[in-house]
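Here is a short report on one protein chain. Look at the sequence and the 3D view first, then read on.

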Amino acid sequence: MPSTTFENLNLQKKELITNALLTEFSQHSLASAQVARIVKQAGIARGAFYKYFTDLTEAYQYLYQVAILEILCVCTFKQMKDCYVIIRSRKLRFIVLKNGV
């Protein structure tokens with residue numbers, strides 16, 4: 001997971017980095033993702049990226065965790081019994097089927 005340095009960033013900077021990760025991983029697989037594109041979009045130094053994340057895999061796992069937590073929060077908040085929930089969080093789109101339908 002991200003370093004404590006990343007966790008201590010202000011919300012605006014964390015969101016810039018998270019959005020850059022989202023853009024990169026929605027356009028490229030983990031195998032073809034590039035730190036150079038992420039840092040350029042986020043406006044951070046390459047060294048800062050490695051201060052926040054060990055590697056691209058860790059950055060991908062962080063983004064995955066963010067997405068899952070947002071899904072859980074929405075589903076928990078709405079307390080739906082049998083539902084289809086469409087979540088548009090940043091550029092992510094997930095369809096959550098509670099009963100595996």
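## Terms and model

Helices here are DSSP runs of H or I with at least four residues, numbered from the N terminus. The model is predicted.

## Overall layout

The chain holds five helices and two strands. From the N terminus, the order is α-α-α-α-α-β-β.

The chain has 101 residues, and 35% of them are buried. Take the contacts in the chain with a separation of 6 or more: 45% of them join residues 24 or more positions apart.

Helix α3 covers residues 35-42. Which of its residues are buried? They are V35, I38, V39 and A42. Look down the axis of α3: the buried residues fall within an arc of 90°, so they line one face of the helix.

## The surface

The chain exposes about 6800 Å². Carbon and sulfur atoms supply 56% of that area.

One nonpolar surface patch has an area of about 540 Å².

## A look at L72

Where does L72 sit? L72 lies in helix α5, which spans residues 56-78.

L72 has a relative accessible area of 47%. Buried means under 20% and exposed means over 50%, so a residue in between counts as partly exposed. L72 is therefore partly exposed, at 47%.

Technical notes
Residues are numbered from 1 along each chain as its sequence is written. This is a predicted model: local features need pLDDT of at least 70, side-chain atom pairs count only at pLDDT 80 or more; totals for chains, interfaces and linings use all residues. Side-chain values use heavy atoms; hydrogens and water are left out. Patches are made of residues with over 30% relative accessible area and no salt bridge: like charges are joined within 9 Å, nonpolar side chains (Val, Leu, Ile, Met, Phe, Trp, Tyr) within 5 Å. Accessible areas come from the Shrake-Rupley method with a 1.4 Å probe; for residues, only the protein chains shown count as cover. A salt bridge is a side-chain nitrogen of Lys or Arg within 4 Å of a carboxyl oxygen of Asp or Glu. Buried means under 20% relative accessible area, exposed over 50%, partly exposed in between (1.4 Å probe, protein chains only). Contact means heavy atoms within 4.5 Å. The arc is that of the directions from the helix axis to the C-beta atoms.
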